[in-house]
Amino acid sequence: PSVRLAVVGTATARVLADTTGRPVDVVPATQRAQALLDELCAVAEPEQRFLVAQGDRADDTLVAGLRRAGHQVTPVVAYRTVLRVPDRRLLDGVDAVLFASGSAAAAWFDAFGTVVPPVVVSIGPTTTSMAQRLGLKVTATAADHSLDGLVTELIRILASDARGDRRTDMTQSTLRIHQAK
């Protein structure tokens, strides 16, 4: 096809393939913009044209990197993130928080400051970096930078706690999770 499709993550690749009725051409093994940039630069023709659809809060890694490599880039905002600041009352009894984006970490910080539950799991290095810049203590970063990877990492931590490999100050025997979006 004259139009090739590339996405950062496997879940997005599945949705795009289902929507377009054809496979996605480039999906990096590591679900990060830098990995997609590296793969695109490796396979792109000189001065190729790219339409980059991303969220309004996306960093400029992909767009700026493609431009530095000499490509023509048209960025478009595909969606806007609307911050939903969690209600302070939700913090009571929460044993874990999962951050699926830097904006989720920022919303948590805006609502609760640097107060976090015993377990904080981030979806990937960029989100971890944002959380840490805000002063939030991150327990772990998901190895697979997807929602499945995020939950898998939480399960790994909780299983470790159950075996006594790692101790957290869980306040209840029943785990309640507040997933900030």
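User: Let's start with helix packing in this predicted model. What is the handedness of the crossing where α2 passes α3?

Analyst: Look at which way the near helix is turned from the far one: clockwise, by less than a right angle, is right-handed. Here α2 passes α3 in a right-handed crossing. The residues of α2 that make the contact are A33, Q34, L36, L37, L40 and C41, and they meet T61, L62, G65 and L66 of α3. Sorted by class, that contact has seven nonpolar residues, three polar ones and no charged ones.

User: And at what angle do the axes of α2 and α3 cross?

Analyst: Roughly 25°, with the axes of α2 (residues 33-43) and α3 (residues 61-68) coming within 9 Å. Angles under 35 degrees count as roughly parallel, so α2 is roughly parallel to α3.

User: Can we zoom in on one pair? How far apart are Q34 and T61 in sequence and in space?

Analyst: Compare the two separations. Q34 and T61 sit 27 residues apart along the sequence, yet their C-alpha atoms are 6.4 Å apart in space. Q34 belongs to helix α2, and its relative accessibility is 37%, so Q34 counts as partly exposed.

User: Which residues of α2 are buried, then?

Analyst: Those would be A35, L36, L37 and L40. To see what covers them, check their contacts: the buried residues of α2 pack against β1 (49-55) as well as α3.

User: Zooming out, how many helices and strands does the protein chain have?

Analyst: Six helices and six strands. Read from the N terminus, the order of elements is α-α-β-α-β-β-α-β-α-β-α-β. For burial overall, 37% of the 181 residues in the protein chain are buried. For sequence range, take the contacts between residues at least 6 apart in sequence: 46% of them join residues at least 24 apart.

User: Next, aromatics. How many aromatic pairs does the structure hold?

Analyst: Two. For each pair you look at the distance between ring centres and the angle between planes, where over 60 degrees counts as edge-to-face. F99 and W108 are edge-to-face, at 6.1 Å centre to centre with 70° between the planes. Ring pairs also link F99, W108 and F112 into a cluster.

User: Are F99 and W108 buried or exposed?

Analyst: F99 has 0% relative accessibility, so F99 counts as buried. W108 comes in at 1%, so W108 is buried too.

User: One more loop residue, please. Where does S146 lie, and is S146 buried or exposed?

Analyst: S146 lies in the loop between β5 (140-141) and α6 (147-163).

Technical notes: Residues are numbered from 1 along each chain as its sequence is written. This is a predicted model: local features need pLDDT of at least 70, side-chain atom pairs count only at pLDDT 80 or more; totals for chains, interfaces and linings use all residues. Side-chain values use heavy atoms; hydrogens and water are left out. Axes are lines fitted to C-alpha atoms, for helices over the stretch in contact, and angles run from 0 to 180 degrees between N-to-C directions. Helices (H or I, at least four residues) and strands (E, at least two) are DSSP runs, numbered from the N terminus. Angles under 35 degrees count as roughly parallel, over 145 as roughly antiparallel, 65 to 115 as roughly perpendicular and the rest as oblique. Contact means heavy atoms within 4.5 Å. Ala, Val, Leu, Ile, Met, Phe, Trp, Tyr, Cys and Pro count as nonpolar, Asp, Glu, Lys and Arg as charged, and the others, Gly among them, as polar. Buried means under 20% relative accessible area, exposed over 50%, partly exposed in between (1.4 Å probe, protein chains only). Rings of Phe, Tyr and Trp (its six-membered ring) pair if their centres lie within 6.5 Å; planes under 30 degrees apart count as stacked, over 60 as edge-to-face and the rest as tilted.
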